[in-house]
Amino acid sequence: MGLKFDPIGGGQFKQALSAIIEAERAPIKTLESRKALEESRLKLFGEFKGKFSGLQSTLDAMLGYTKFRELKAELGEGKDLMEVTVDKDKAVAGSWELEIKELAERSSMMSNGFSDPNKKALGLGYINVQLSDGSNKDIYVTQEDASLYGIANKINSLPDGAVKATVIKDSSDSDRPYRLVVSSKKEGADSEVKFPQLYFVDGDEEFYIDNDKGAKNALLKVDGFEVEQESNQIGDFLQGVGVQLKQAKPGQKFTLNIKPDYVKVTDKIKKVIDGMNGVLDWVNKQNQVNEKSDTRSTFAGDTSLQNIEFRLRNVLHEGYAAHLDNEDSFRVYHLNELGIEFDKKGVITFKEEKFQKELEKDYEGIAEAVSGEKGFVAQLKSVMDGYGAPGSGIVYAREKGIQSRIKSIDDSIATKERNLDKKTESLTNQFSRLQGALSSMQRQQQYLSATLGGGGGITQQLLGG
């Protein structure tokens, strides 16, 4: 039987070329498998780094006494009379007796009544409005604006105006219930403004100021001392304490207490414990292996991570000192006294009620033992910062090591791909030349068969048929 020739680029030659290239690609596939494992490890380590960094951030947010502490305001019978905001970094715990005698008020005026606020019946003219810098500005009113709503819009269109305007409905006069009310934007005597002067002609209805009232300061008593405030929104009423006066009640005294918020402080400690458990649980899971575990893509037996686990656990067993009233005396707190300890499974437990009770007994001492210069948070943060230091810490080194291996594999794959491309091109050229030669032989066979006749026996013999 003679040779069977294929058309260029197809059949047996194409299959042979593909088989050779596939064999040459085997090392690249091996590298790609290794890369996939390293990428899986990098993703897994990213979970650890997220937990690790999250715990660091939690510690940063409560390192030091003012960051550790939380304060709250209690108003007792005054809870409906004012609202209180507390800056825990500046406020001082304590109590103050208060009485709100008068609220601060704005300058305001009200016009006469009109039957229709949209009716353009006020004629032509202008309004003289006082600006916030004390100067005056004339607002001109055309026939298109000569209604109560039109004038209100004109006044409110001034971005630097010291007054604001609105139209209200006063049902005391059913025939002419609509009135224009103009008020200063700020309350208090220092924000007293002159009301708009109204100059109109050729109107169908008269337009004038029917009633007005002046501005005044708020009047309070603080621990028996009478004080004035220029606004009902008092940002610095006490050190680190702002208030919003809501209602005046002359003669009704109440107590403002600024005190530690034990619940919020407890929640902050719980967040630290949850963060530690997250890190420890991740490390622990890496060492839970069985016959089905693929340890190539995990961190089973990683001594560096085990060292982190050991140091974190060790921090919980140390004692932390707090000064007593006598600066030369100390009390040493152990965290298990405060409800922080390990259970039988090695998980850190936090008994919140126990911690809160101890906090109420000795807030200052526990605050120092937990968040002081040499307290629990500072010691834990020191350990974390050492492991997480950019350029030198274990966490940084582990991540960079994996990234470096992935890059090295990428470089090797890229080099082998380039070499394979060159080899593919060379083999393709060789097979093309061979295909051309065989095609030429095929044509010669056909020629000889046609010339010599006899079924081409001699030709077939020459070509191996």
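**Reading exposure, packing and aromatic pairs**

Modeller: With a relative accessibility of 41%, Asp223 counts as partly exposed, because that class lies between buried (under 20% relative accessible area) and exposed (over 50%), with a 1.4 Å probe and protein chains only. This is a predicted model, in which local features need pLDDT of at least 70 and side-chain atom pairs count only at pLDDT 80 or more, whereas totals for chains, interfaces and linings use all residues. Residues are numbered from 1 along each chain as its sequence is written, and side-chain values use heavy atoms, with hydrogens and water left out.

Colleague: Where is Asp223 found, and what is its phi?

Modeller: Asp223 sits in the loop between β11 (218–222) and β12, where helices (H or I, at least four residues) and strands (E, at least two) are DSSP runs numbered from the N terminus. Its phi is positive, at about 50°, although Asp223 is not a glycine. Asp202, in the loop between β9 (197–201) and β10 (209–213), likewise has a positive phi, of about 60°, and is not a glycine. Asp202 is exposed, with a relative accessible area of 66%.

Colleague: And Phe225: is it buried or exposed, and in which strand is it found?

Modeller: Phe225 belongs to strand β12 (residues 225–229), and its relative accessibility of 62% is why it counts as exposed.

Colleague: Let us turn to helices. What describes two packed helices?

Modeller: In general, the description rests on the angle between the axes and the distance between the axes. Here, helix α4 (residues 262–286) and helix α5 (residues 303–317) pack at an angle of about 145°, with axes 10 Å apart; the axes are lines fitted to C-alpha atoms over the stretch in contact, and angles run from 0 to 180 degrees between N-to-C directions. The crossing of α4 past α5 is left-handed, that is, the near helix is turned anticlockwise from the far one by less than a right angle, clockwise being right-handed.

Colleague: Which residues make the contact of α4 and α5?

Modeller: From α4 come Met276, Val279, Leu280, Trp282 and Val283, and from α5 come Leu305, Gln306, Glu309, Leu312, Arg313 and Leu316, contact being heavy atoms within 4.5 Å. Sorted by class, the contact of α4 with α5 has 8 nonpolar, 1 polar and 2 charged residues, where Ala, Val, Leu, Ile, Met, Phe, Trp, Tyr, Cys and Pro count as nonpolar, Asp, Glu, Lys and Arg as charged, and the others, Gly among them, as polar.

Colleague: With what is Lys51 in contact, leaving aside its neighbours within four places in sequence?

Modeller: With that exclusion, Lys51 is in contact with Gly278, Val279 and Trp282. Lys51 lies in helix α1 and is partly exposed, at 37% relative accessibility.

Colleague: Now the aromatic residues. What describes a pair of aromatic rings?

Modeller: A search of the whole structure gives 14 aromatic pairs, counting rings of Phe, Tyr and Trp (its six-membered ring) whose centres lie within 6.5 Å, with planes under 30 degrees apart taken as stacked, over 60 as edge-to-face and the rest as tilted. The pair of Phe45 and Phe299 has ring centres 5.5 Å apart and planes at 50°, so this pair is tilted. It links distant parts of the chain, with Phe45 in helix α1 (residues 11–60) and Phe299 in the loop between α4 and α5, 254 residues apart. Phe45 is buried at 0% relative accessibility, and Phe299 is buried at 3%.

Colleague: What surrounds this pair?

Modeller: Phe45 and Phe299 belong to one aromatic cluster together with Phe48, Phe52 and Trp282. Arg41 lies over the face of Phe299, 4.3 Å from the ring centre, a charge being over a ring if NZ of Lys or CZ of Arg is within 6 Å of the ring centre and within 35 degrees of the ring normal. Glu399, in helix α9 (residues 394–452), is in contact with Leu42, Phe45 and Lys49, leaving aside its neighbours within four places in sequence. Glu399 counts as buried at 15% relative accessibility.
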